[in-house]
Amino acid sequence: MADSIISFLAAMIRYSTPLLFVALGVLVMEVSGIVNMGAEGMMIIGCLTGVVVTHHLNNAWLGGLAAMLVAGLFGLLFGALVLEFRINQTVLGVAFNLVGAGLTTTLNRAFFDGMNAGTTYGSFLGFPIPTYIAIGLVILAWVAMYKMKIGVQMRSVGENPVVVESVGISVKKLRYIACAAGGALVGFGGAFLSTGILSQFTENMTDGRGFIALAAVTFGKYTPFGTLGGVLVFGIGETLSYRLQAGGGAFPYEFALMLPYILTVLALCAFSRNAKDPAALGVPYVKSH
Amino acid sequence: MNFIELKEITKIYPGTVACDKVSVGFRRGEVHTLLGENGAGKSTLMNVLYGLAKPDGGTIFVNGKETEIDSPKTAIACGVGMVHQHFMLIPTLTVVENVILSLDEKKAFIDKKRVAARILEISQKYGLLVDPYAKVSSLTVGQQQRVEILKALYKNCDLLVLDEPTAVLTPQEIRELFVAIRNLIAEDKAVIFISHKLNEVMEISKVITILHLGKVVGSVNACDTNARELASMMVGKEVSFEVARGEQKLGGTMLEVKDMHAKDSKGVETVRGLNMQVRAGEIYGIAGVDGNGQSELIRGIVGLCKKTGTVLIGGEDMSKSTPRQILDKGVAHIPEDRQGMGVVMKMPIRNNLVLDTFYDEKFTKGVFLDWKKVDGQAGYLIEHYGIKTPDAGNPVSSLSGGNQQKVVVARELDKQPRLLFAVHPTRGVDIGATQFIHEQIMAARDAGCAVVLVSTELDEIISLSDRIGVIYEGVILGEMDRKDANYERLGLLMAGKRDEAAQTVGKEG
Amino acid sequence: MKKVFALALSLMMVVSLLAGCGGSGGSSNPPASGGGDAQQPGDAQTSSGDTDYSNVKIGLMLSGSANDGGWSQMAADAANAAAEKYPGATVNYSESIPATDFESTMRGYADAGYTIIVSHGAEFLDAAKLVSQEYPDITFICTSAQSGQEPNLTGIDFATFQLGFLNGVACAMATETKKIGAVGSNEIDSIIAWADGVRAGAQYVDPECEVITVYTGSYDDALKAKQAVDALQQQGVDIVTQNADACGVGAVQECDALGLMNVGAVSDQTLLGESCFISVIQDAQLGIEVAVEQAIEGTVEPGFVSMGASAGVITLTDYAGKYADLLTDEEKTTLQNLWQQSYDGVDLETLVK
């Protein structure tokens, strides 16, 4: 019994790692007041970049770094379109998802079909090292948000950018930073999925994780540890859905597969009904002077 | 010597000269009031002083030295601190975090303990007590204002600009604010006080500079003038404070509320078993600090939020009726949130003027609107109510606050209601428009309408109402006739101190 | 400026749609102006005989994009390859047909004088059964179907039962725990038939073998297949076989990671990881090509046709990976013999009784 619980937890933590990176990236952007509906697109771009660079340089870390860079640039592009041209963030997010899916599919078929990453991240005590990094990042995000100046500024810019601008801090600069950092984290989540957990790219392999990350952040009321909780709730549901299928023959597989999503929705209803979004979330900011 | 002197400041915005060669000096150790109507140029002048607007002409002297203030940072470095009318606070952050945000120090990590200690030190020195670790959203408006002042003082400001600081405060909070201001003056700070509440201005200021249409009308010492003179200078013409009351034609009970309960949007019960009666031909003023159930009371009566209890309008039970059914009983409503509930900002003025009567036969041709008739009605109301606009087709958002409110007042009063709810009818409206709106409300009362007036402005309540009820924590804590009302008694009731309020009656009696 | 950007953005979206997600496009070309006229003019002389096949017109109906690099492209390639062998025969196809247009598109081809209508995928079967009755002179083929209809509708199945049976036999010979994991994508007819095959094959070798089936609900998400294998291991499974498109990659990789054995299906999955020691290949493209050729020749049989080993659709790969030598020579011979039997036309289902 204890063994199966431990193996259950181990599987949940291992397989939730990509989602945790993505959720943290989404968190960073949302705290600063930018809705990132395009996380799915940025993530799949990270998936492909990770595999291709890892394959060519034979180093998963460099692959991850490249994925951060590329997805970070997409994050910056997202930021530029939102901040400079005030394009509707939700629509833009959908556009990014389509571009991400289309771009990776096309490039993959044209150049990289079936490419194997070749190598992966090292592991420690049975977990890949990025899993530890992800948990470290949760703590780091908490420190940054509540113990550092940048966090106070980020939380403020998500609540009321006018106030931030009034004390002489550039709203755009903060939001660009959030977009780049958020994009990079999402990208690394993608790279870890394709090179840390798997070792190759498959089309649409992100399968909605960018959206689940949004739910996790909302569930977590825009806090790092809350977000971790949201990711784990989904992770529990996902792991359970396969354990139930493999274990009890009578369990209808459709319900098993629904489980993580139902659990997430229920958790959102139960714990986050009154969650307050950052007041300026998704609101285009126009400098008044 | 002037600590800061503005000399011939000119600021031109497209179409208007907001400041026209304005010269004014501010000395340490005194409260200097800038008085003027909306659009007189006070805010623009302060924006220039705080580096938020670049002047088109003129110079600023700090300690006698010519200084260019091109950003709030420079202004802060020169010792200028600003408390905006709309607080520059992040509600989800604590007081300490808000102060830290405003400091923008070089260090990456923040030291909450050190900042909190200094906040406490300053707050004790000036009598601005507030818990440094409290979330701003949990503070009262008065406490939030203290945080704003603390933010400025933390940065060692020598000149503090207070932009309409009393507009949102209760009488008691205003007293506390004035105490703090006097403490500041005692420490040789300069204070610029912006307001158009003449009584307060007379009480707190040493020097008063009056602005009108971007120009300085005059600068006087408070001890050499009076409220009436100030008002005339401010408006540019004689002003009478008294609203002419016609003969009261008191009729039967028009509105009766029995044991009403209602909850606010957060689910907190804010109306807790309230009872009241209003008769035709009287103005019933509801005084009280914001958030004591006024909103939910009125919304509940007109059917805009859920409630329990009984509401009788003209003797009929309307407790379960829809807003439309209630309006059709001759009810008019000037809502509290003008821009959110009173008008549709992006819609043309003419549409707004028929917003709740457009379905009337008067304005329709079959299922279609008859725009000619709508235009006719709009033209009539614009002229009759003096709404200043070049074109009825302009969006309401193009109007000033006062004129927006006139649109609402015109629409509602033109229905010749039997029962009128006027909630904060003059909030954010300048003196000229205020006077006009007061006259219109009084005219409705003279015509036999029952009026429920909700306001946090005691001046307004006292000058208009025939009877006054004070709402506190969801019940009418005390009622009195016009002749028995005074600031002290109302203020104590507003603070929930019924016993002390009763003593004031005793003293007078 | 903002408008320009909006325009550029929508352009980007359109481009990426065209480039990638074929299935979601949802537009269908009317047969007359068909997507690709695949006739190769140069081929006329090279092919057999002097018979002119210009009266042969083949209509191909696809639910995805003809250049998706996978399922739909396979059918287009197969139809073209078949037509090339018959000078004059032409192929036209309609892509990304939404379910609401199945019948009308099919009638469109029939009315336009097409002699062979191939619909690719079980989702077309109901429409084909209906429309084929109205046009008795036209030959209808529906692929991946588990049934057909006399006299003119052929439902071809690519021997998914056979495929599963051989998978099951290989697994049962290798397992020590007598527990076999089968990872499928979705509970659809062909995958159910495959899973039944796995169970039958396993029990043919050892009636005590247990097969646990887990569905991922996805064709793309390899991580889901990994989680499925992880869950199977917890139940004591020591060998896994999978039939879940790209998603199956994850199953092989998780077997690598957990030290389980693996048997591949459909494509050569021994290339995906060390743990996969043999793969049973299902060459559906060849199956379609053969079926279309038979239709042109007029030899295709109406009703349900299973094209397996005997048609060259089902083949076995060589042994590979770290478990290449796990099976004894005797066991390897048994597997080879079973394939041979099915090649010779024996219905494997009759073996398990």
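How many residues does the contact take from chain A and from chain C? In this predicted model, the contact takes 35 residues from chain A and 33 residues from chain C.

## Contact of chain A with chain C

On the side of chain A that touches chain C, the elements giving two or more residues are α1 (2-31), α3 (60-85), α4 (89-112), α8 (171-197), α10 (224-247) and α11 (253-271) of chain A. The most is given by α4(A), with 9 residues.

By residue class, this side of chain A comprises 18 nonpolar, 12 polar and 5 charged residues.

## Packing of α6(A) with α8(A)

Within chain A, the axes of helix α6 (residues 149-159) and α8(A) come within 10 Å and cross at roughly 105°. Because angles of 65 to 115 degrees count as roughly perpendicular, α6(A) is roughly perpendicular to α8(A).

From α6(A), the residues that make the contact are A:Q153, A:M154 and A:V157, while α8(A) contributes A:V171, A:L174, A:R175 and A:A178. The residues of this contact divide into 5 nonpolar, 1 polar and 1 charged.

## The sheet of chain C

Chain C contains an open sheet of 6 strands in the order β7-β6-β8-β9-β10-β12, with mixed pairing. Its edge strands are β7 (210-215) and β12 (314-316) of chain C, each of which pairs on one side only. From one strand to the next, the twist averages 20°.

One pairing is that of C:Q282, whose bridge partner in β12(C) is C:I314.

Methods:
Residues numbered from 1 in each chain as written. Chains lettered and ligands numbered in written order. Predicted model: local features only at pLDDT ≥ 70, side-chain atom pairs only at ≥ 80, totals over all residues. Contact = placed C-beta atoms within 7 Å. Helix = DSSP H or I, 4+ residues; strand = E, 2+ residues; numbered from the N terminus. Nonpolar A, V, L, I, M, F, W, Y, C, P; charged D, E, K, R; others polar. Axes fitted to C-alpha atoms, helices over the stretch in contact; angles between N-to-C directions. Parallel < 35°, antiparallel > 145°, perpendicular 65-115°, else oblique. Pairing = 2+ DSSP bridges.
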